[in-house]
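This report describes how the parts of one protein chain are arranged and where two of them meet. The sequence and model come first.

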Amino acid sequence: MTAKLDEKLEPIFRDVLHRNPGEKEFHQAVHEVLETLGPVLVKYPEFADKKIIQRICEPERQIIFRVPWQDDSGEIHINRAFRVEFNSALGPYKGGMRFHPSVYLGIIKFLGFEQIFKNALTGLPIGGGKGGSDFDPKGKSDDEIMRFCQSLMTELYRHLGEYTDVPAGDIGVGGREIGYLFGQYKRITNRYESGVFTGKGLDWGGSRARTEATGYGTVFFTHEMLKARGDSLEGKTVVVSGSGNVAIYAIEKCHELGAKVIACSDSQGMIVHEKGIDLQTVKRIKEVERRRISAYTEYHKDARYVEDGNIWSVPCDVALPCATQNELNGSDAKTLVENGCIAVAEGANMPTTPEGIIIFQDAKIAYGPGKAANAGGVATSALEMQQNASRDSWTFDYTQKRLEEIMIDIHKNCYETAAEFGAQGNYVLGANITGFLRVAKAMTAMGVI
């Protein structure tokens, strides 16, 4: 169940399906943007004449290559890697690298397409791109991960540069992997080009708030949505899917703003702790011990672990999907609404299915789509690039303040754009149109390229 497209956009979407067969996540991401753009073509007919939408839907460059590497026992493995440089109208391509067995071209294209509009929403000069590999870092030694990263960068380096394409981390790619990737880039190019990677370690050019940025930003956006309704996060119960980087720091900021997170999860199950999730325990399990979330009950006997549990069945005021794409379906959305949920903000990329989005919108709850709600991560990556360009080092408080200002501005622009186009409170439409207009106007100015 998806919204019907405007008659001018239907043939464009059919062409996307024809040109990109089998890439269902990419199809979903494109449809979700196109279904909001009908009013834009009425107001700006020149975008149709110049085929701006068709050009945005086609990446400027798609790079696919093999990554051979040797494990600790001497066996050779071959993975496939991708970098989709989608749109550079506003600045160098910017987007993370994902290492996960599910990665294929359709996943990277969906993420890169979302990144175009997310990056545009920040108001910072960054274009949209994404990359990754079907390599699985789980269970690999540090040396194996190092060899894989070095092999990948030996091919990818030629396509990167602080004025060309600037990768960062994503699922499966944290500070360790960024270090190995940047080290090999530096070795091959003989340049200490700090601005070519973001998510770097604090000792060598990283931003002091980058680790926290996506989770913090999602909560800042949630708080702004509630403020627009005369409410706040104070005293609210929250469930957060996932227990990785985004989820951990979403929990942290929720607690700071007076909310109580009562559940989180990983790929094998969920923890429900009515007294409130103990964040230090989650950080120890996930960031230090690298264990499953089920270990939480070893430290908190009053918590409940549910194997393969559905976190969206836990009654809450606010839900923050922070794990992966399409993790929250129509049935889950219906359950959340029936249990009294008043706000949903996406810390992950496209975690809600089209059916779920429609249910949230019909119920008139505050729903923040990922390209707006989780833009804090890439915004802080752009701040890291600024820091590197000026050979400066910013404090945590200064960077967090800039992040909060950017998220408040994103919310304001999405809210006002939705109202301008007759859809008060529709953050999906507001985010899509705000981001699209910024990119479309730049593309128009630069001619047919």
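The chain is divided into three stretches, with bounds taken from an automatic or database domain assignment: domain 1 (6-55), domain 2 (59-187) and domain 3 (211-371). The model is predicted, so local features need pLDDT of at least 70 and side-chain atom pairs count only at pLDDT 80 or more, while totals for chains, interfaces and linings use all residues. Residues are numbered from 1 along each chain as its sequence is written, and side-chain values use heavy atoms, with hydrogens and water left out.

**Domain 2 against domain 3**

The C-alpha centres of domain 2 and domain 3 are 27 Å apart. Domain 2 gives 13 residues to the contact and domain 3 gives 10, where contact means heavy atoms within 4.5 Å. Interface size is often given as the accessible area lost when the parts come together. Here the two domains bury about 900 Å², with 48% of it on carbon and sulfur atoms; buried area is the accessible area (1.4 Å probe) that two parts lose on being put together, summed over both. On the domain 2 side, F110, E114 and K118 lose the most area to domain 3, together 49% of what that side buries.

| Item between domain 2 and domain 3 | Count |
|---|---|
| Salt bridges (side-chain nitrogen of Lys or Arg within 4 Å of a carboxyl oxygen of Asp or Glu) | 1 salt bridge |

Helix α6 (residues 105-121) supplies the largest share of the domain 2 side, 7 residues; helices are DSSP runs (H or I) of at least four residues, numbered from the N terminus. That side divides into 6 nonpolar, no polar and 7 charged residues, with Asp, Glu, Lys and Arg counted as charged, Ala, Val, Leu, Ile, Met, Phe, Trp, Tyr, Cys and Pro as nonpolar, and the others, Gly among them, as polar.

**Salt bridges**

The whole structure has 26 salt bridges. In one of them, the side chains of E114 and K371 meet at 3.2 Å, N to O. E114 lies in helix α6 and K371 in helix α15 (residues 370-373), so this pair ties together parts 257 residues apart in sequence.

**Annotated site**

An unreviewed UniProt entry lists T214 and N245 under "binding site". They span 32 residues in sequence, yet no two of their C-alpha atoms are more than 8.3 Å apart, so they gather at one spot. UniProt positions follow the numbering used here, feature names are shortened, and annotations may be inferred rather than shown by experiment. T214 is in helix α9 (residues 210-227).

Note on methods
Helices (H or I, at least four residues) and strands (E, at least two) are DSSP runs, numbered from the N terminus.
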